[in-house]
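Reader: I have a protein to go through and would like a quick tour. Can you put it up?

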Amino acid sequence: MMLVETFVRIVDAGSLSAAARALATTQPTISRRLKSLEKSLGVRLLQRSTHAMKLTDDGMRCYARAKELIAGWQEFESEIRGAVDEPVGMLRVVAPHAFGQQQLVAPLAAYLARYPRMTVDWVLHDRTPDFIGEGIDCAIRVGEVPDPSMVAIRLGDVPRIVIATPGLFDGRALPAHPDELAALPWIAVSHYYRDEVALTHARTGDTVRVPVQPRLYTDNLYAMRSAVTLGVGAALGSRWALREELDAGRLVQLVPDWQASPLPIWLIYPPARFYPARLRRFIDIMRVAVPQAYGVVAPPDTRRPRESGEPY
């Protein structure tokens, strides 16, 4: 089975070197496994050159059948171990820089304490990963899900507010309406807004679009927070990340009756016939931990019927 799994990982990853990284081994080892599988089957599975790799006809048939065999074996293992099987092995998770550095480490530690036979590769970046090529089990993402083929579980919504340091106004009155925000210097969080912010009144539902001229662009929430505190400009940010500065008076909320649309938090992973216990248990923990850690708004019905592709 190891040889078959290695062959599938080579095809999914696109190269022997990428498969070696995903399997935490060396390229010569991957090459030997591939040759052993080809020898045992008596066929050539891959045509390789310096710059390209292509499945042979036999390789295409083998790949399709191998995927079925692996899924069937995983289901068989799950049935033998029972529904409450203990997770074992490596879980690879991608989380956003800001979310993954502080609050999410506590539920991650709880996961590792509860399942001592598990190891987690906790990767922090804000782009959508190549799940197959990088060997990623799941990702936590803030904002929209760019790939509709992914299974996406909504963990909650993050409220966002407009903030600035009091010193930015030099004793002048704070803005009372979103229209007054356009005259301020701004800091843009590139993933979510660049030259315009949309704010909605909490009571009336009226929406105003405010053009902004940023003096600083960043893709990092903590860098934005630091720059706002230093008086570079106003910004739109997640309330949970700004709570300490607001409570201490280092920052103030502007136009408090107006807020941007909340950002959804998703846990995403590729669709599959079978989901291992390590992923199922991680989802169980994150569904509870994310709303608790960030004070986010939970989904309207947290006990809704199973979403398509959800591993339950």
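Author: One term before the tour: a contact here means heavy atoms within 4.5 Å. Also, this is a predicted model.

Reader: Fine. What share of the contacts with a separation of 6 or more comes from residues 24 or more positions apart?

Author: Those residues account for 73% of the contacts in that set.

Reader: And the secondary structure, how many helices and strands?

Author: The protein has ten helices and 13 strands.

Reader: How much of the protein counts as buried?

Author: Of its 312 residues, 46% are in the buried class. The accessible surface is about 16,100 Å², and carbon and sulfur atoms hold 51% of that area.

Reader: Which strands does β6 pair with, say β13 to begin with?

Author: β6 pairs with β13, residues 258-269, over eight bridges in the antiparallel sense. Within that pairing, R154 has W266 of β13 as its bridge partner. β6 also pairs with β11, residues 235-238, through four bridges, again antiparallel. There, R160 stands opposite S238.

Reader: And how many bridges join β6 to β12?

Author: Three, and the two strands run antiparallel. β12 spans residues 252-254, and L254 in this strand is the bridge partner of V162.

Reader: Switching to helices. Which residues of α9 are buried?

Author: In α9, residues 239-248, the buried ones are W240, A241, L242 and E245.

Reader: Why would residues three or four places apart point the same way?

Author: Because an α-helix has 3.6 residues a turn.

Reader: What follows α9?

Author: G249 comes after the helix, with a positive phi near 85°.

Reader: Cysteines next. How many disulfides?

Author: The count is zero. The cut-off for a disulfide is a pair of cysteine sulfur atoms within 2.5 Å.

Reader: What about C62 and C138, buried or exposed?

Author: C62 is buried, with a relative accessible area of 18%. C138 is buried too, at 0%.

Reader: Why does C62 count as buried at 18%?

Author: Because the buried class takes in residues under 20% relative accessible area, and C62 has 18%.

How values were computed:
Residues are numbered from 1 along each chain as its sequence is written. This is a predicted model: local features need pLDDT of at least 70, side-chain atom pairs count only at pLDDT 80 or more; totals for chains, interfaces and linings use all residues. Side-chain values use heavy atoms; hydrogens and water are left out. Buried means under 20% relative accessible area, exposed over 50%, partly exposed in between (1.4 Å probe, protein chains only). Accessible areas come from the Shrake-Rupley method with a 1.4 Å probe; for residues, only the protein chains shown count as cover. Two strands pair if DSSP finds at least two bridges between them.
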